[in-house]
Amino acid sequence: MKNNNIQNLPSVDTSRRNWLKTVGLGAGAVALTGCFDSGVKELQAAGMKTEHFPTATPNLNDGLIRLSSNENAFGPSAKAVEAMQGELFNLNRYADATVNVLVKKIAEQEGVSEEQIVVTNGSSPILFGYADWITKNGNKLVTSMATYEGIPRGAEFMGADVTYVPLDANMDFDLDAIEAAVTEDTTAVYICNPNNPTGRALDPVKLTEFAKRVSQKAQVFIDEAYIEMSDAYPANVQSKLAAEGYNVVICRTFSKIHAMAGQRLGYAIMPAEQAKQMGRMLRMGGVNYLGLVAGMASMDDHNNLNVMRERIKTERLKLTSTADALGRPYAKNPQGNFIYMDTGMPHAEFAEKMKALGIKVVGRTWPGYDTWSRISIGTPEENDACVSALKAVYA
Ligand SMILES: Cc1ncc(COP(=O)(O)O)c(C=O)c1O
């Protein structure tokens, strides 16, 4: 067995694994993608393997540094990569049985029942499935302005009535105003914590109390895509609400701190009956085997998660300090792998200027924040280049 923490997985025989290495798919060959990070020694000192790190801008031929999609520039856990390598010859079967292994693991970690969990290829299918669920269950969503569009835009697209409540003075979800906007007719409330694009994290006690009250009227969906990056993780996690039977959905992805955006794995915790319906609709058989294998190995690699959180924080500080030095307003104390900054010009003009200097920032904007732009955290070199570009834009 390649990884003792993964149960019920078929093992690959060693001779095949050796052959993999010979033809260039083994651990040695993965090192060909190169170590580009000047902080590599620091990571190694923290006990991390770094040979498997990706090149700075994988899958991109435009030569730009990609700070546009909130991907984890540091790459996945070495243990996740190793676990996938060990399973490359076991891709011929559907992954349903392995989904059950992950479900059990999540149930144990989150303290919920297995029946409450839906697993998908990344969390986006859950968001769109949920938008569809809203339209079939009263058709009314309340959320905030300047938040992740998956559910609100999906619901709008499907014909739902979406109320967008303005952010408060700190650029937080205005929980009081959202609560006031919820009526007996409201189907669901979408909260993103930490929020994309602002990066702001809500006070966990306030959010818990809000969810307990509001979920008596409407279901509260909490998207925790970036939760493991927040300083107060795991105190910020709200899955206890689902364990206690509140009418909530907690959604997670492996695309962010686990750095598996291209591999795809996500899950949600919700009331058991709803999970049964949604699981049927989203087809559990649609989950990919390598994602499951990698996800489970990554969940067990606590050291990797802790190092990632610190690493992202250090690099994030580089960008917020630059914004401070340049006098640019930004959403304070961001808790994800991105910052949200008032560029002082139309966002598209800022994006063009940054592009001319080799940096790709987010391409879209959020209504009401037309001069604001989101910049993702990259590797130290990428962030240094970003800092230089910012200084040049505001010279
Ligand atoms: C808040 C939030 N939720 C969900 C997603 C969807 O990610 P994925 O489908 O890769 O899980 C994203 C992607 O950026 C996001 O920012």
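Reader: Which residues surrounding the ligand are the closest?

Author: Keep in mind that this is a predicted model. The ligand is surrounded by 14 residues, and the closest of them are Gly122, Ser123, Ser124, Thr253 and Ser255.

Reader: How many residues of the shell around the ligand are nonpolar, polar and charged?

Author: The shell around the ligand holds 9 polar residues, 4 nonpolar ones and 1 charged one.

Reader: Next, the sheet. What is the order of the strands in the open sheet?

Author: Strands of a sheet pair through backbone hydrogen bonds, and the pairing is either parallel or antiparallel. Here the open sheet has 7 strands in the order 2-8-7-6-5-3-4, and the pairing is mixed. Strand 2 (117-120) and strand 4 (161-165) are the edge strands, since each pairs on one side only. On average, neighbouring strands of this sheet are turned by 20° against each other, direction ignored.

Reader: How many bridges join strand 6 to strand 7?

Author: Strand 6 (residues 219-223) and strand 7 (residues 248-253) run parallel and are joined by 4 bridges.

Reader: How should I read the packing of two helices? At what angle do helix 6 and helix 7 pack?

Author: Take the angle and the distance between the axes together. Helix 6 (residues 124-136) packs with helix 7 (residues 150-157) at an angle of about 45°, and their axes are 8 Å apart. With that angle, helix 6 is oblique to helix 7. The crossing in which helix 6 passes helix 7 is right-handed. From helix 6, the contact is made by Ser124, Leu127, Phe128, Tyr130, Ala131, Ile134 and Thr135, and from helix 7 by Gly150, Ile151, Gly154 and Ala155. The residues of this contact of helix 6 with helix 7 are 7 nonpolar and 4 polar, with no charged ones.

Reader: What residues of helix 6 and helix 11 meet?

Author: Pro125, Ile126, Gly129 and Trp133 in helix 6 meet Met278, Met281 and Leu282 in helix 11. The contact of helix 6 with helix 11 has 6 nonpolar residues, 1 polar residue and no charged residues. Helix 6 and helix 11 (residues 272-282) pack at about 115°, with axes 11 Å apart, and their crossing is right-handed.

Reader: Now another pair. Are helix 13 and helix 15 roughly parallel or roughly antiparallel?

Author: The axes of helix 13 (residues 302-326) and helix 15 (residues 380-393) come within 10 Å and cross at roughly 10°. That angle makes helix 13 roughly parallel to helix 15. In this contact, Glu315, Lys318, Leu319, Thr322 and Leu326 in helix 13 meet Pro380, Asn383, Cys386, Val387 and Leu390 in helix 15. By class, the contact of helix 13 with helix 15 has 6 nonpolar, 2 polar and 2 charged residues.

Reader: Let us turn to the backbone. Which residues does a cis peptide bond join, with omega about 20°?

Author: Check omega for the bond between two residues. Asn196 and Pro197 are joined by a cis peptide bond with omega of about 20°, and Pro197 lies in the loop between strand 5 and helix 9 (204-214). The peptide bond from Tyr233 to Pro234 is also cis, with omega near 5°. Pro234 is placed in the loop between strand 6 and helix 10 (239-243).

Reader: What is the phi of Arg264?

Author: Arg264 is not a glycine, yet its phi is positive, at about 75°. You will find Arg264 in the loop between strand 7 and strand 8.

Methods: Residues numbered from 1 in each chain as written. Predicted model: local features only at pLDDT ≥ 70, side-chain atom pairs only at ≥ 80, totals over all residues. Axes fitted to C-alpha atoms, helices over the stretch in contact; angles between N-to-C directions. Parallel < 35°, antiparallel > 145°, perpendicular 65-115°, else oblique. Left-handed = near helix turned anticlockwise from the far one by under 90°. Contact = placed C-beta atoms within 7 Å. Nonpolar A, V, L, I, M, F, W, Y, C, P; charged D, E, K, R; others polar. Near = placed C-beta within 6 Å. Pairing = 2+ DSSP bridges.
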